[in-house]
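Here is a model to explore together, one question after another.

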Amino acid sequence: MNDPTVNQSTFKPSAESTSPPLWLLAELTYRCPLQCAYCSNPLAFTRYQNELDSEAWFSVLRQARAMGAAQLGFSGGEPLIRQDLEALVREARTLGFYTNLLTSGVGLTAQRVDALAEAGLDHIQISLQAADPELAQVLAGSAKAHANKLAMAKAVKAAGYPMVLNVVLHRHNIDQIGELIALCDELGADAVELANCQYYGWAFLNRQALMPTREQLVRAEAETNRWRETLAARGRDMSLLFVVPDYFEQAPKACMGGWGSIFMTVAPDGAVLPCHSARELPMAFPNVKETSLQDIWYQSDAFNRFRGTQWMPTLCQQCDERDKDHGGCRCQAYLLTGDMNATDPVCQHSPQHGLLESLIAENAQSAPEQAPLIPRNARQSKQLQTKQLQSQGGSAAPSPRQTPELIYRQ
Ligand code: SF4
Ligand code: SF4
């Protein structure tokens with residue numbers, strides 16, 4: 001419920017008190033050949049097929065750079081699907097961005113790595129699903145992807161880039177963590193992000209199937225520490241970053257460094273979001289097809305909605321941490337409580353923190369096969385939208401508690 005003591009109306013920090021964006025995430029497309037059940041794309045991704053063309057993306061890049069953004073990530077979906085990726089990288093380089101490509105590696109070839117390097121790409125990160133090809137195939141929904149990823153990781157390094165690998169950990173692959181690190185070591189990786197799944201988008205839908213037990217998490221972190229010691233003893237310089245799932249924490253993260261503080265996402269259809277998950281909140285977001293990035297960042301209701309502290313529930317307003325964690329993640333608050341204004345339940349002070357303790361305890365009792373993984377694909381996305389419309393009696397607007405995830409699991 002909204003806190004009645006908080007003014008929920010149209011508080012707007014002035015443009016003078018708002019810093020410029022530093023990061024731009026360009027989600028070039030929601031199309032992807034893989035079907036990861038933990039994908040953070042919106043469940044209704046098939047609704048947004050009208051992608052920005054090259055000229056529109058050039059304009060986005062120029063506007064963002066003129067505003068002060070210096071870091072640029074190209075992601076998706078699978079950004080390699082866009083045939084204009086090299087042209088976009090070239091333009092970004094000319095503008096002076098530091099560019100990063102976040103890819104599954106599917107669709108990459110050694111020639112394309114060279115073309116991207118020639119265009120000026122600074123950094124590439126490739127994601128892996130599992131240590132063994134069989135599980136990787138089940139998780140990605142592709143028989144060929146795993147081998148291609150391994151080959152492309154080597155091609156990236158051969159082209160002079162550091163090899164940076166990312167693995168989303170969850171109940172089905174977390175017990176392979178030793179084998180995963182060994183595989184990365186064997187490949188010659190320079191940095192490995194072992195990122196436990198966070199529950200947004202398709203991962204929220206598949207939460208029951210993906211959530212590890214506390215014992216699995218503890219074992220995985222201990223195994224990572226053992227590997228750190230082994231690598232150090234060998235003088236091997238491969239960094240291992242282990243990211244714990246928010247649900248198992250006691251304090252919330254300072255999501256995106258604060259809503260509309262430093263980070264801006266442009267979605268494939270031109271919607272501008274404070275983070276890539278925000279699209280599933282029950283609010284409207286402006287679009288670069290109609291409004292300049294400058295106006296969106298400084299003037300729009302969407303970007304001003306959760307800036308500052310005035311929107312916060314009393315609990316957060318009276319807490320010393322409010323300027324550090326900004327009350328936690330709005331998407332997490334919404335998905336867990338149905339109220340995007342609530343304190344993030346990850347916070348131990350939240351009256352709803354017990355929800356997470358219960359979820360962890362319940363999940364520990366269930367066997368993995370009790371909740372089959374729902375793949376992220378166009379057919380499932382369309383089914384979800386149909387189901388959502390039916391539950392809303394044909395209305396396009398969801399009520400706060402009718403998120404697609406909640407409806408689907410009913
Ligand atoms: S998480 Fe998987 S399905 Fe989603 S965009 Fe990345 S590779 Fe594609
Ligand atoms: S009460 Fe609010 S501001 Fe304080 S630690 Fe929790 S989420 Fe952060």
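## Strands, burial and surroundings

Q: What makes β4 and β5 a pair?
A: β4 and β5 run parallel and are joined by four bridges. Two strands count as paired when DSSP finds at least two bridges between them, so the four bridges here meet the rule. Within this pair, I126 stands opposite L165 in β5. The strand names come from DSSP runs, numbered from the N terminus (strands are E runs of at least two residues, helices H or I runs of at least four).

Q: Before going on, what kind of model is this, and how are its parts labelled?
A: It is a predicted model, where local features need pLDDT of at least 70 and side-chain atom pairs count only at pLDDT 80 or more, while totals for chains, interfaces and linings use all residues. Residues are numbered from 1 along each chain as its sequence is written, with chains lettered from A and ligands numbered from 1 in the order in which they are written.

Q: How do you know that β5 and β6 pair, and in which sense?
A: There are six bridges between β5 and strand β6 (residues 191–196), and the sense is parallel. V164 stands opposite A191 in β6.

Q: What about β1 and β8: how many bridges do they have?
A: Strand β1 (residues 23–27) and strand β8 (residues 263–266) share four bridges, again in the parallel sense. W23 is placed opposite F263 in β8.

Q: Which strands make up the sheet, and in what order?
A: Nine strands form an open sheet in the order β7-β6-β5-β4-β3-β2-β1-β8-β9, with mixed pairing.

Q: Why are β7 and β9 said to stand at the edges?
A: β7 (239–243) and β9 (272–273) each have a single partner strand, so one side of each has no neighbour in the sheet.

Q: Is β5 largely enclosed by the rest of the structure or largely open?
A: β5 is largely enclosed, because five of its six residues are buried. A residue is buried if 20 or more other C-beta atoms lie within 10 Å of its own, exposed if 12 or fewer, and partly exposed in between, with C-beta atoms placed from the backbone.

Q: What makes α14 mostly covered?
A: Eight of its eight residues are buried: R330, C331, Q332, A333, Y334, L335, L336 and T337. Just after α14 comes G338, with a positive phi of about 80°.

Q: Is M256 buried or exposed, and how do you know?
A: M256 has 24 other C-beta atoms within 10 Å, so by the cut-off it is buried. This residue sits in the loop between β7 and β8.

Q: What makes the phi of M256 stand out?
A: Phi of M256 is near 60°, a positive value in a residue other than glycine. Most residues other than glycine have a negative phi.

Q: Is F248 buried, partly exposed or exposed?
A: With 16 other C-beta atoms within 10 Å, F248 falls in between the cut-offs, so it is partly exposed. F248 lies in the loop between β7 and β8.

Q: Which residues is F248 in contact with?
A: Leaving aside neighbours within four places in sequence, F248 is in contact with R214, L217 and I360. Contact here requires C-beta atoms within 7 Å.

Q: Which residues are around ligand 1?
A: The list includes G76 and G77, along with C32, C36, C39 and R376. To be near a molecule, a residue needs its C-beta atom, placed from the backbone, within 6 Å of it.

Q: How many residues surround ligand 2, and which are the closest?
A: Ligand 2 has 14 residues around it, the closest being C316, C319, E321, R322 and C347. Elements giving two or more residues to this shell are α12 (314–317) and α13 (322–325).

Note on methods. Two residues are in contact if their C-beta atoms, placed from the backbone, lie within 7 Å.
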